Amino acid sequence: MDKQNQAQKKGVRIDHISKIYKDPKTGRDFYAVKDISVDIAPGTFVTLLGPSGCGKTTTLRMIAGFESPDLGEIYLGGEPINELTPNKRDTAMVFQTYALFPHYNVFDNVAYGLRLRKMPKPEIEKQVKRILDLVELNGMESRMPNQLSGGQQQRVALARALVVEPGVLLFDEPLSNLDAKLRVSMRTEIRRIQQALGITAIYVTHDQSEAMSISDDIIIMNQGVIEQIGSPMEIYYHPKSEFVADFIGEANFLEGVIAEVSGKECVMEVYGQRLHLLNPDNFPVGKASKIVLRPEAARIGDSGMLKCKVTLSCFMGSYQNYHVMVGDTMIKITDFCPINKKTYQVGDEAYLSFDADCVHIL
């Protein structure tokens with residue numbers, strides 16, 4: 001099994017692809033996807049993430065063959081696949097709606113792709129049993145889709161995609177119809193199975209926590225273009241734009257000007273205060289910049305870097321949630337384990353602080 005999967009691992013290369021649609025209202029052409037290129041290594045789990053209309057689903061559908069690029073080429077395992085129909089591509093798709101056959105039981109739904117390939121009956125039984133074990137549905141072979149929970153139906157859809165042993169597994173927002181708790185357990189399950197098989201997976205979602213928890217790399221899209229590609233940690237701590245910083249997690253932005261530069265460090269003037277920060281991107285003196293400050297990296301105290309005034313103080317159990325005003329900028333602070341700390345109330349004067357290596361300059 002492992003050797004077989006090692007042999008069939010395939011990467012995906014997207015080379016300058018664009019997809020152009022006509023706006024039905026204006027009659028004008030617009031780019032749903034504009035000149036994007038990305039190289040997805042074999043065996044990795046990559047998520048396309050972004051707001052509605054950013055082009056992520058269109059990109060996935062072009063890889064699957066349900067849409068054709070107007071420009072550029074898509075390669076699967078080094079082979080160009082633009083001209084291949086979906087059933088001729090070494091991919092399988094798990095849909096948002098599960099798309100199960102209602103008149104087939106679990107076994108027949110999962111076996112469907114193998115029967116199309118004219119696989120011998122004993123081999124079909126063996127393969128289906130192995131995959132149902134993998135998605136923990138053994139013993140449910142004879143149940144009909146309407147006798148299954150949403151999570152079980154999603155597992156059947158996953159098993160049906162996996163059983164044909166595709167080189168690349170594609171997911172189109174597969175968990176959006178499940179409740180919040182089930183979504184968390186299913187995304188963990190999908191990641192476990194992907195890692196167990198070593199299969200290449202491309203996953204579309206607009207849920208940032210989902211993307212962070214399961215991905216090797218995240219591709220953040222906005223208005224048809226790629227804003228940034230990187231690991232969850234890279235994107236969270238080193239966003240390349242305000243859009244990325246704001247889209248992944250919560251972010252505060254403090255405006256200032258670079259006053260001094262010394263190697264990879266700088267002094268930034270913010271609301272009349274000179275703050276010593278890291279400057280890995282070598283921003284020059286005089287550049288108007290923004291500090292990206294995550295709420296959990298911010299501290300409130302009786303002394304510190306920047307004077308502030310508390311406008312919200314809310315106990316949330318594991319943390320105290322503050323909103324403070326620094327000049328005319330509102331900053332969110334997540335103060336974990338507040339039981340042994342001073343609690344500031346609305347109207348209190350205080351100070352905002354943070355460590356230089358916990359912020360990022362844009």
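Strands are DSSP runs of at least two residues, numbered from the N terminus. The structure treated in these exercises is a predicted model.

**Exercise 1.** State where Asp357 lies and determine whether Asp357 is buried or exposed.

*Solution.*
Step 1. Asp357 belongs to the loop that joins strand S19 (349-353) and strand S20 (359-361).
Step 2. A residue counts as exposed when its relative accessible area is over 50%.
Step 3. Asp357 has a relative accessibility of 60%, and therefore counts as exposed.

**Exercise 2.** Describe the lining of the second largest pocket.

*Solution.*
Step 1. The lining has 17 residues; Tyr237, His238, Asp357, Val359 and His360 are those nearest the centre of this pocket.
Step 2. At least two lining residues come from each of helix H8 (232-237), strand S13 (273-278) and S20.
Step 3. The largest share, three residues, is that of S20.
Step 4. By class, eleven of the lining residues are nonpolar, three are polar and three are charged.
Step 5. The space in the second largest pocket is about 210 Å³.

**Exercise 3.** Determine whether Asn252 is buried or exposed, and identify its surroundings.

*Solution.*
Step 1. Asn252 is part of strand S11 (residues 252-262).
Step 2. Buried means under 20% relative accessible area.
Step 3. The relative accessibility of Asn252 is 3%, so this residue counts as buried.
Step 4. Beyond its neighbours within four places in sequence, Asn252 is in contact with several residues, among them Ile291, Pro295, Met330 and Lys332.
Step 5. With Lys332, the side chain of Asn252 reaches the backbone nitrogen at 2.8 Å.

Notes:
Residues numbered from 1 in each chain as written. Predicted model: local features only at pLDDT ≥ 70, side-chain atom pairs only at ≥ 80, totals over all residues. Heavy atoms only, no water. Helix = DSSP H or I, 4+ residues; strand = E, 2+ residues; numbered from the N terminus. Buried < 20%, exposed > 50% of the residue type's maximum accessible area, 1.4 Å probe, protein only. Polar contact = N/O pair within 3.5 Å; in protein donor to acceptor, adjacent residues only side chain to side chain. Contact = heavy atoms within 4.5 Å. 1 Å grid on protein atoms, 1.4 Å probe; cavity = no way out; pocket = protein on both sides within 12 Å on 5 of 7 lines; lining within 4 Å. Points joined across faces, edges and corners; volume = space filled by probe spheres on them. Nonpolar A, V, L, I, M, F, W, Y, C, P; charged D, E, K, R; others polar.
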